[in-house]
Amino acid sequence: MSDNRKPAKPDDLSSEKDLVISKDQINSVALARLVEEVRNDDPAVSRHYDRSYHRHNR
Amino acid sequence: MTRLVQASEPSISRNSSGPIDVTGSQLVLSPFRHFTIRRCINDVTASALLDWFETEAPWHLVKTNFYEQYEFSLFDAELPSYAGLLIEPRGVAHARSQMAVLFGVEFEQRVNVVAHKLSPGQRIAIHNDYLAGEETHRLVVQLNRGLDDDAGGMFILFNSADPSDIHQVLRPLHLSGLGFEISARSFHAVSRMHAGDRYTLVFSFYTTAAARRALGSH
């Protein structure tokens, strides 16, 4: 058991945060970091998809 | 091995029982058919799942060339009692019927439900989930103890296969959900986790052959 457990924030639903962030709400530095983090080095995967990914979804 | 759920066709009602509730969601057509919802799972189930995920759930690490995460099928596990309805025929049928109404399609009985966990350093690169003849729709439910924006784990929708062509970003807010139609255009990704653990339930649905023919896809 993790020592860092804490209850889910009870005020989450009424909180300030929006679920959706539009692209123009993100500054250029953060945007560049996001793009880099999700870049796929194997372009064939994004085009044709890798069945190995599907195996864990069933 | 994954068990497939066989459930009788449910009636569609906001009051019908089931841990998942996506009624009231608004379908958005661009960049692909999807909806978002701020709350789609009840508190008791979510809390029971989180406790279980953090202690006894049977996670196993999977690494591929474009993602790394912990995962397992809920149908292969002994769920805590309060979460059991998630995979019982009644609960599955309830979620499936709501998704069918939202997307205006007819689903087969079978549904898959898996859990994912992303920990710091892990991410899922851009992909589209599309495989002809396989599952056609997903519902992704977020569960966590509260994640700041700096923690990462953002669900990103893209306009194309280009990772810089971001359409919008979804925070992994506890209890929130995203439903989408899988297609060659349904490009999405999850940004790298920098702190905390991000849990998701992933429901997969299959349109009937007749519905696929009608849509001219999948």
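**A cavity and some aromatic rings**

The second largest cavity in this predicted model has a volume of about 60 Å³. A cavity here is a set of points on a 1 Å grid over the protein atoms alone, where a 1.4 Å probe fits but cannot get out. The volume is the space filled by probe spheres set on those points, which are joined across faces, edges and corners. By this rule there are two cavities of 30 Å³ or more.

Some ground rules. Residues count from 1 along each chain as its sequence is written, and chains are lettered from A in the order written. Local features need pLDDT of at least 70, side-chain atom pairs count only at pLDDT 80 or more, and side-chain values use heavy atoms, without hydrogens and water.

What lines the second largest cavity? Lining residues have an atom within 4 Å of a point. Among them are A:Leu19, B:Phe155 and B:Arg198.

Now the rings. How many aromatic pairs does the structure hold? Twelve, over all chains. Rings of Phe, Tyr and Trp (its six-membered ring) pair if their centres lie within 6.5 Å; planes under 30 degrees apart are stacked, over 60 edge-to-face, the rest tilted. Take B:Phe66 and B:Tyr67: centres 5.3 Å apart, planes at 80°, so edge-to-face. B:Phe66 is buried, at 0% relative accessibility. B:Tyr67 is buried too, at 3%. Buried means under 20% relative accessible area (1.4 Å probe, protein chains only).

Last, charges over rings: NZ of Lys or CZ of Arg within 6 Å of the ring centre and within 35 degrees of the ring normal. B:Arg110 lies over B:Tyr206, 3.6 Å from the ring centre. B:Lys117 sits over B:Tyr70, at 5.0 Å.

Methods
1 Å grid on protein atoms, 1.4 Å probe; cavity = no way out; pocket = protein on both sides within 12 Å on 5 of 7 lines; lining within 4 Å. Buried < 20%, exposed > 50% of the residue type's maximum accessible area, 1.4 Å probe, protein only.
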